[in-house]
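Colleague: Can you walk me through this one? I would like to start with the ligand and then go over the backbone.

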Amino acid sequence: MTQHELVDQEPLVSEAATVLEKTAQDRRRGEEVRSAVRRVLGDYGRTEWEDSVLDDGDVDWDRLWDHVHAHATGGKLERTLRKLQEREERAYPSLVTVEFEPDDAMDYVPGEYVTVHYKDVPRAYSVASSPNREHVEICVRRVPGGRMTSLLCDDLAAGERIHVRGPFSGSFVGGEFLLREPSRRDVAFLATGTGVAPFKGMIDYAFEAGYDEFRGEPRDVWLFLGASWEDDLPYHEQFSALADERPNFHYVPTSSRESLLTDWTGETAYVQGTFAKYLDPAALGDVTLSDDVRGALGEERRYEVDASIDPSQVEIYACGINAMVYEIVSVAEAVGVPAANIRGEGYG
Ligand SMILES: Cc1cc2nc3c(=O)[nH]c(=O)nc-3n(C[C@H](O)[C@H](O)[C@H](O)COP(=O)(O)OP(=O)(O)OC[C@H]3O[C@@H](n4cnc5c(N)ncnc54)[C@H](O)[C@@H]3O)c2cc1C
């Protein structure tokens, strides 16, 4: 039975579910932020501010901003410090996985989503687990001030009861947002943050069920995943481990801010620019691309991958906030990926 036939047969409503585990994926990084502030002040020749702003270990941000404004330093120093302050002050956890067990078995296929109802708030979440796993998992990112994500990040605990409806399949761009049957084509998944949730299920399932092959030949499976900080890349360790294990899985994480805290040597551009860097250069001849994407193309690849993407022979799946999905789709179309081979799911 194909996945589409399976979807047609699925029940629309599952019973209540019990939360088995909630796990923070991100880390508290205050110590690293403080070291970074010290380093940045050194880089900008402002070590004399250290005693007043880092005296007892914590960063005294008010004092730091007084110094910055009094010296009218502005520009790059200010932008860097803003990013560090935002990181230090953000609520913890801001990225969680929630594993639950529906009372009745829930059949789903990779790419589907469910609606979770908790304390009378319903929201949609992609299923992040492979259907071969015993329990169901979602991956949630806190939206500052968001009703549901605040509840899920701050209040939800193992043992609690939630309601789960679904599974449902979306079709925001292209056809149904499900993993297609294997074909000769390679596959590229592109996401920012929790947009990778449906791809975790799809990728795990692809390797479990042999979807990474077609008639005995391996297909290249790419994952381009972007986030501001390294610990905002959901399942980063699992994807890195899979890439070590499977020569035809190419994991390309990109993190725009991580080098402020660590010696991150990976990609730093937006996902769509990073994707363009790993295309076969022959595909890029006269194509019109945005300045961002062209800028990324001017840089060397940061990961050694002994493969390139042929746009005419790849299936693209994009997931994340709507605007980002549209941008990926427009880059993919511009470089020659046929519209029929592009699917996208938008989170709003
Ligand atoms: C099919 C589908 C699948 C989804 N899967 C996931 C998933 O796997 N993981 C996940 O974390 N989310 C996912 N979402 C988004 C999720 O449904 C909620 O919208 C999100 O968790 C915010 O809920 P909230 O109640 O905290 O925010 P709300 O209280 O609803 O919103 C607060 C404010 O934040 C804005 N906002 C809402 N969402 C975002 C966002 N993502 N980024 C920035 N601003 C936002 C709103 O416009 C509003 O102004 C999915 C959405 C859809 C439609």
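This is a predicted model: local features need pLDDT of at least 70, side-chain atom pairs count only at pLDDT 80 or more; totals for chains, interfaces and linings use all residues.

Colleague: Where does the ligand sit?

Modeller: The ligand is in the largest pocket.

Colleague: Which elements give two or more residues to the shell around it?

Modeller: Those are β4 (121–126), β5 (136–141), α6 (147–155) and β13 (342–346). The largest share is from β4, with four residues.

Colleague: And which residues come nearest to the ligand?

Modeller: Of the 18 residues around the ligand, R123, A124, Y125, M148 and T149 come nearest.

Colleague: How does that shell divide into nonpolar, polar and charged?

Modeller: Nine residues of the shell are nonpolar, five are polar and four are charged.

Colleague: What about R123, what does its side chain do at the ligand?

Modeller: R123 has a polar side-chain atom 2.8 Å from an oxygen atom of the ligand. Y347 also places a polar side-chain atom by a ligand oxygen, at 3.3 Å.

Colleague: Which atom of the ligand does the S126 backbone face?

Modeller: A nitrogen atom: a backbone N or O atom of S126 lies 3.2 Å from that ligand nitrogen.

Colleague: How much of the ligand does the protein bury?

Modeller: The protein buries 65% of the 920 Å² that the ligand exposes when taken alone.

Colleague: Changing topic. How many aromatic pairs does the structure hold?

Modeller: There are 14 aromatic pairs in the structure. One of them is F239 with F249, a tilted pair with 6.3 Å centre to centre and 45° between the planes.

Colleague: Which parts does that pair tie together?

Modeller: F239 is in helix α8 (residues 236–245) and F249 is in strand β11 (residues 249–255), so the pair ties together parts that are ten residues apart in sequence.

Colleague: Now the backbone. Which peptide bond at P93 is cis?

Modeller: The bond from Y92 to P93 is cis, and its omega is near -5°. P93 is in the loop between α5 (75–89) and β2 (95–102).

Colleague: And what is the omega of the bond from G166 to P167?

Modeller: That bond is cis too, with omega near 5°. P167 belongs to strand β6 (residues 161–168).

Colleague: Last one: what is the phi of D120?

Modeller: D120 is not a glycine, yet its phi is positive, at about 70°.

Colleague: Where does D120 lie?

Modeller: D120 is in the loop between β3 (113–118) and β4.

Terms used: Residues are numbered from 1 along each chain as its sequence is written. Side-chain values use heavy atoms; hydrogens and water are left out. A residue is near a molecule or strand if one of its heavy atoms lies within 4 Å of it. A polar contact is a pair of N or O atoms within 3.5 Å; within protein, one must be able to donate a hydrogen and the other to accept it, and residues adjacent in sequence count only if both atoms are side-chain atoms. Accessible areas come from the Shrake-Rupley method with a 1.4 Å probe; for residues, only the protein chains shown count as cover. On a 1 Å grid over the protein atoms alone, a cavity is a set of points where a 1.4 Å probe fits but cannot get out, and a pocket is an open set with protein on both sides within 12 Å along at least five of seven lines; lining residues have an atom within 4 Å of a point. A molecule sits in a cavity or pocket if more than half of its atoms lie within 2 Å of its grid points. Ala, Val, Leu, Ile, Met, Phe, Trp, Tyr, Cys and Pro count as nonpolar, Asp, Glu, Lys and Arg as charged, and the others, Gly among them, as polar. Rings of Phe, Tyr and Trp (its six-membered ring) pair if their centres lie within 6.5 Å; planes under 30 degrees apart count as stacked, over 60 as edge-to-face and the rest as tilted.
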